[in-house]
Amino acid sequence: MENRVIEKIKRLIPDPKRVMTDISDLYSYSYDGSFGTYLPDIVVQPKSKDEIVRLVQLANQEKLPIYPRGQSTGLSGGSLPVKGGLVLDLSKMNQTLIIDPDNLVAIVSPGVLTADIHKAAEQYGLMYPPDPSSSHVSTIGGNLAENSGGPKGLKYGVTKDYVIGLEVVTPEGKVIRTGGKTVKNVTGYDLTKLIVGSEGTLGIITEAILRLVPKPLTTETSMVIFNDIVDSGRAISKILTSGILPSKLELMDQASIQAVEDYEPVGLPRDAEAILLIEVDGHPLAVKDEIEQVKEICSQLGAREVKIATTKEEREELWRARKLVSPAIVKIKPTKISEDATVPRSKIPEMFKRLKEIKEKYQIHLVIFGHAGDGNLHPNIIANKLDKEEMKRVEKAVEEIFRATIELGGTLSGEHGIGTMKAPFMEMELGEEGLEMMKRIKKAWDPNNILNPGKIFPEPGQKLVLSE
């Protein structure tokens, strides 16, 4: 980047501490939770919409790549500055967190931590349902960009289902508002839904209006143990077609069970092929009846054991096992490739079979855990990025996982986004014409291609590369 452009940026931001060009600072912004390291030329921490407007106008004038960023917890490379340029760190824009209980909405700045929205809503007996595992550290702006989900997605949906209004700075430095506080709004194109999940390629969100819902009166949790993972898949399908809609339905396969027991023993059965953790919520009488129905269904479909938590402490202990999976598996090998390919619910048993075959074919350490109730299985591959030969096998396995997912009528991403990691496979799912229509939208909104270039759309000949 030319020095004259850097000087222009510095003049736009009055606080020199919020403009970074030192190499040590730039390296801090060169990576996220995925793969690859890309140095930006400059990092700016804006604190207001007006500062963002001025920065975007300058970037558009100079054709300078600009990369919006939250806390960089993303797993698909969505915030990586792959073409250098300006990283816009929005984590300092956390001034607004307003709960409006009469209208059942929250009004938030993009730098607010998602967990803080949960806490604020609970004070009014309300909740903001999207609950990504990173919510205690991730910003709502990043969640909006990636259309994040979480365990409650089965019953409550993902981020886009709770966004009813946005304030957005366009790639040309203009400010637009989409939607509002009303639950029903069918005026014109749904620009709100278009922006959410666009990964910062169409605009920079400076404020969001989020829909809240009343917090359920009670919850019940059960742990179901299976000797065969395919049986667990059949149980999932049966539960979901029985009239019961769990708030959470999570899976742990044998590899993740054993990893947790090696890491921090909690009494899980090492010989089980799968464990389901099932939570139902709502009115106390309905919840009691539903958890018993879940027990009966699972028992009929080959469950070895069904444990129903009887106290809050027991419920927390059951869920603690699930939360330990991620830190446990990276103790086995240091590199974790976390995918979120998602299949239709009816295809869950078939996807389990395909994943078993891929694991054996490429001799990889494949761990399956995640939001099995909505088909979002989270196959995780544990490897060592220093082992080049292993990483080549992993690359082939990941491609085959995506291919199996598409063949079964699924999607590349249930909640992590596309970023750089899945861009090479976009045409596989959307087809040439579908991808071309998305490119046209991008061109119309961002004619100079300054906003988060290198994401979603594959470069000619681009392939997944995990080995450096």
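A residue is called buried when its relative accessible area is under 20%, exposed when over 50%, and partly exposed in between (1.4 Å probe, protein chains only). The structure is a predicted model, in which local features need pLDDT of at least 70 and side-chain atom pairs count only at pLDDT 80 or more, while totals for chains, interfaces and linings use all residues. Residues are numbered from 1 along each chain as its sequence is written, and side-chain values use heavy atoms, with hydrogens and water left out.

The protein contains 15 helices and 18 strands; helices (H or I, at least four residues) and strands (E, at least two) are DSSP runs, numbered from the N terminus. With a radius of gyration of 23 Å, close to the 23 Å given by the globule rule for 468 residues, the protein is as compact as a globular protein of that length. The radius is taken over C-alpha atoms, and the rule is 2.2 Å times the number of residues to the power 0.38. The C-alpha trace spans about 70 × 60 × 45 Å along its principal axes. Of the 468 residues, 56% count as buried. Contact means heavy atoms within 4.5 Å. Among contacts between residues at least 6 apart in sequence, 72% join residues at least 24 apart.

Helix H9 covers residues 254-263, and its buried residues are Ala255, Ser256, Ile257, Ala259, Val260 and Glu261. The cover over these buried residues includes strands S13 (248-253), S14 (274-282) and S17 (365-370), together with helices H11 (312-323) and H12 (325-329). Serine 256, in H9, is buried with a relative accessible area of 0%. Leaving aside neighbours within four places in sequence, serine 256 is in contact with Val325, Val367, Ile368 and Phe369. The side chain of serine 256 also reaches the backbone oxygen of aspartate 253 at 2.8 Å, a polar contact, that is, a pair of N or O atoms within 3.5 Å; within protein, one must be able to donate a hydrogen and the other to accept it, and residues adjacent in sequence count only if both atoms are side-chain atoms.

On the side of helix H12, alanine 328 counts as buried at 2% relative accessibility. Beyond its neighbours within four places in sequence, alanine 328 is in contact with Ala259, Val260 and Tyr263. Alanine 328 and aspartate 262 are 66 residues apart in sequence, and their C-alpha atoms are 7.7 Å apart in space.

Serine 34 is placed in the loop between helix H2 (23-28) and strand S2 (42-44). At 15% relative accessibility, serine 34 counts as buried. Its side chain is joined to that of aspartate 32 by a polar contact of 2.6 Å, and a polar atom of the serine 34 side chain lies 3.2 Å from the backbone nitrogen of glycine 77. Outside the four places on either side in sequence, the contacts of serine 34 are Gly74, Leu75, Ser76, Gly77, Leu80 and Met421.

Most residues other than glycine have a negative phi. Histidine 378, not a glycine, has a positive phi of about 55°. Histidine 378 is found in the loop between S17 and strand S18 (379-383) and is buried, with a relative accessible area of 5%. Isoleucine 456 has a positive phi of about 70°. Isoleucine 456 is found in the segment after helix H15 (426-445), and is buried with a relative accessible area of 9%.
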